[in-house]
Every structure is written in structure tokens, then in C-alpha cells.
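Subject: Structure for your review

Dear colleague,

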Amino acid sequence: WRNGENHLIFNMVSGSSPDFSRFVELHLGNAMVAGADLDTYTFREKFDISLPAFSPVAKLGEVDNTFRDRSWLVTSSQLNIDPYFLSEMQKFSYQYHDSVLILDSCHIHNYTQRCEIDSGQKYAYPQVLRDSIFCIIFRGERMGQFVLLEAMAANCIPVIVIDGHVMPFNNVIDWKRFSVFIMEDHLNTLMDVLHNISDKRIRQMQNVLLFIYKSYFSSMEQIALTTLDIIQDRVYPHLARTYDEINLLPKEISKNPLFYPMTAPKSHGFTAVILTYDRVESLFILIERLSKVPSLMKVVVVWNNQKKNPPPLADFPKVAKPINVIKTKANKLSNRFYPFREIETEAILHIDDDIVMLTSDEVEFAYEVWREFPDRIVGFPSRTHIWDNVTNAWKYESEWTNAISMVLTGAAFLHKYWSYLYTTDLPADVKDWVDEHMNCEDIAMNFLVANMTNKPPIKVTPRKKFKCPECTNNEMLSADLGHMVERSQCINKFVRAFGRMPLKTVEFRADPVLFKDPFPEKLKRFNDIGSL
């Protein structure tokens, strides 16, 4: 026994009336307790493990999927609830009689049967919980309530009204993803809170709830094994499961192949890959400006014009960074993502030859952001996609909004792995479409990265205008009047090719600290940041 050291005590039900002691009434010493009735006063953080109060009848109400119509918004099925809670629920029932169901025990007590509190109508229990979207769980004589597991089995979203309760497996399971928490004194806000939860959010919560219940709570065996897994993760933290592995649905888990233990090293720098056809003057201006970026290691010019040779290297700007010129065999937009052996750094700045307005500070700052998020597309021009209810199709959107789901690769940092994946693993019909239409290679890359990582791109700095001042509109691909229509067609074709819409929309932009604040320039690291 050694005073309980390295021992685990399962305490499945708390003490008996009238005390209902939270811990089993034994001399515990240094033993860990896995208990079903722990509160924040008795729970020893990172030592004890909170369990659910196991209900053997929960199996009777189990569902296998979330696709069912539910008659009630919220159901209270707990026996002998506190008079204050009952009074509040009855007020809701009078006001929302079609949405609120209050059940209690029938005259002849049978746990698998409940009666409506006013009419006396009988319901099979816990099967009745399948007909409610939300199930409310109140504090009782015990903190842990059987109805919690019964509601979870029926895929009824728990509404927790228990102050100070330690939720089961609270140190690893994120209850806020599939539950609603309301403080006891704020029970009068219940209906306002529930009415403000969208149908989409309800479906998400139901999907997560079904996954969590089946993974960790569906049997006494699952509960015991989850407890032992938690202890094992403590003993072997280097092998411990991550938050994502425990809480996310399989389709939500990132399949990101890039594993960085920390921020990518700055000293490695980046390679600028410039796709060009015949805009020599603009190309030279761009190379001169990029050469001033401290972290630039090399410039690779991808010459996409088979009818004309590139200028000799002697004519290129005299800069302190090496320049490689690669002449392609065919004029394809996909050439910009080919993993040329001349690219020796992990970070690549993909940039068009007409993007000459970016400052050295902007490019260096974008590289710093990429170092923290090396699995993402990090760049400047952003776009989004929206669903068009008129055409029942996805639409490419270039309006300036706060929401983004794509960062265009005309000026963006990517890890070189994505170039390899684009070349070897991109669906053939997607690559063929891009090369045939000379459009949408940037959308294809956004699809590829989002499909692998389940993460959105990151836009940096406020700049939104990316017009080439030296170029006329008829030289630019995006000047074509059919350009936007074709981009929308690309998105819908890629959705079919990938089998889903992988793009993630986010309202986020990374800016340098203090760049707009009236501080002396010497105190700022990045001063020359464009406003638009």
C-alpha cells in the first residue's frame, strides 16, 4: 500500500445520504481517486480524475447518428430537482409550451418511465431524450448526475447548470465543443441562450457529442480505459495524445505532414521563385527590390516563354544574391510550383513578375510570420469563396472583406513540400484544367494545402492593391472579363475533384506590432508597411 503511492481508487458513486461525501470514506493517503462526484473544492488538479456517474439505462436511449427531427427544444428529465430550478423551468414551460418538456417520476415509480409534470402523460425513458435538442442537467444531492450520460447517449446536447462541478475527464475533453454551461443564478437566461445557437452550430455540437460519447463514455469499459489512458499520458508525456487526437472528429484532424517542433530557423532564409514570360523591365525592378530583403538567399527565375530566350545573366541587375534562370519546356502555370533542384531552402516566396510594390519590410515580415506557421500559405493578396443560393454553386469573390479563405500565390510564402505535392499528388484533372485554361493554379494550391491541413491561409499586412504600375491592363490575365466567371468554375470543378470543399474561411490578418502607432521609428522593427 505504501500510503497509497502509485495506487488508483475508482469511486463510481459518492457517499450515501445525508452527507454524500465526495470521496470514498477511506484513508486515501497518496492514492489517486477516479471519482464520479468531484467538485472544484475536493478535486486535486492534475492528480485525481473526474468520472461520469454511470447509468446502466443510458444504452436504451442510444442513437447511431444525428440525423433525426426532434420535437422539443429542451427537456428536463431529472428526478426531484431543487424547487428553485423547477419553478424557473415551469415559467419557461408556460411561455414556450411547445419547446419545453418537464418530466418527473410517475405515481408508480419506475426509472425507465417518466411523466409530464402537468398532464401526467407517460414517456419511455431515456428514449424520450431522443426527441429533444437540449437536455438540462441540474445540481442534485450529488454533483454527478446519471442524466448526463443518458442525455449524451441520446445525442441530446447537455445544458449544465451545476456551479463548481468538475466535468468528467475535464483535463482532456473540451466540453464547450458540445455542451452549454449556464450558472445557477442565471438560469432565467436559458431560453435566450438556446435560441441564439444557430442550426449549423447545433449540428456541429451533435456530431461532436456523438463522437465523444462513443469514444469515451459508451460503456464502463470505455470509461475505465479512458481513465488509464489519461494516467499513461501523464507518465509518458512525450508519447501523450494531443488535444486534436482526443477531441476532434477524424475528418477534422490535421493531416499536416510538416512537423516542426518549434519556429522554423531564420538563418535558412528563403528562395524567391519568380514566374515570368516577357516582362523584362518589371522583372529586373522586382529582383532589385527583393535583393534588399535580409532573409533572401537566392532568386530563381522561371522563364515561361518558349518563343524567346531569357536575357543573358550579364544583363540582370547586379545584386548580392545568386540568380538562377530556368527555361521551361512548355508555357504552363503549374511550372511555378515545380520543385526545381535549384531551390535549396524550405521556404519559397512565390511571386509574379509584376508585384513590384511590396517593400523590403513587408516581405521580411511575411517571412517571419511563415516561420511561425510553416504549414500554411502566408502572403498578401487574399480572396474568399461564397455559396450562391441562386446558382446553387460556389462563387469566387474578390471584394475587399474581412473574411478570407485563399491567399493568392502571386505573392505568398509556402513550404517547398507543397511544390512537391502539387507536382506529384494533385488530381490530374485539376492540373490539366489549370494548364489548359492558364488560370487557377493559385486556387488549386489553396485547395491542396487546406485539404491536407484543414487550416486557413494567413494574410499579412493591410495592403490590398496589387496592380502593376508599369503594366497596362491588356497585359494582365486578370483583365479578362471572363476571368471571375472562370475562377468560380475552377472552384466548383476542384470541389468535385477533391470530393469536398476544403477551404476554411477566417477573419484574421497578421500585422507587425506597433506599425501604425506613433512611436519613434527606431523602436519599430518594420517601419515601411504599406496601408493599402
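The notes below cover the nonpolar cores, a pocket and the strand pairing.

Please bear in mind throughout that this is a predicted model.

Nonpolar cores

In soluble globular proteins, nonpolar side chains tend to be buried together. Here the largest nonpolar core comprises 68 residues. Within that core, the residues with the most contacts are Phe134, Met152, Ile173, Leu190 and Phe217. Helix α4 gives the most to this core, contributing nine residues. A further core of 40 residues lies apart from it, and includes Leu414, Trp433, Ala450 and Cys490.

Leaving aside residues up to four places away in sequence, Met152 touches Pro158, Trp175, Phe178, Leu209, Ile212, Tyr213 and Phe217.

In total, 22 residues line the pocket, and Lys200, Gln204, Lys251, Glu252 and Lys504 lie nearest its centre. By residue class, the lining consists of ten charged, seven nonpolar and five polar residues.

Strands and sheet

Eight strands make up an open sheet with mixed pairing, in the order β13-β12-β11-β14-β19-β15-β20-β21. Its edge strands, β13 (323-327) and β21 (509-510), each pair on one side only. At the β21 end, strand β20 (residues 458-460) runs parallel to β21 and is joined to it by two bridges. Val460 has Ala510 in β21 as its bridge partner.

Strand β16 (residues 382-388) has pairings with β17 and β18 that may also interest you. With strand β17 (residues 393-397), β16 pairs in the antiparallel sense over five bridges, and His385 stands opposite Tyr396 in β17. These two strands form a hairpin with four residues between them. In that turn, Asn392 has a positive phi of about 55°. Strand β16 is also joined by two bridges to strand β18 (residues 406-407), and these two run antiparallel. There, Ser382 has Val407 in β18 as its bridge partner.

With kind regards

Definitions and conventions:
Residues are numbered from 1 along each chain as its sequence is written. This is a predicted model: local features need pLDDT of at least 70, side-chain atom pairs count only at pLDDT 80 or more; totals for chains, interfaces and linings use all residues. Side-chain values use heavy atoms; hydrogens and water are left out. On a 1 Å grid over the protein atoms alone, a cavity is a set of points where a 1.4 Å probe fits but cannot get out, and a pocket is an open set with protein on both sides within 12 Å along at least five of seven lines; lining residues have an atom within 4 Å of a point. Ala, Val, Leu, Ile, Met, Phe, Trp, Tyr, Cys and Pro count as nonpolar, Asp, Glu, Lys and Arg as charged, and the others, Gly among them, as polar. A nonpolar core is a set of buried Ala, Val, Leu, Ile, Met, Phe, Trp, Tyr and Cys residues joined through side-chain atoms within 4.5 Å. Buried means under 20% relative accessible area, exposed over 50%, partly exposed in between (1.4 Å probe, protein chains only). Contact means heavy atoms within 4.5 Å. Two strands pair if DSSP finds at least two bridges between them.
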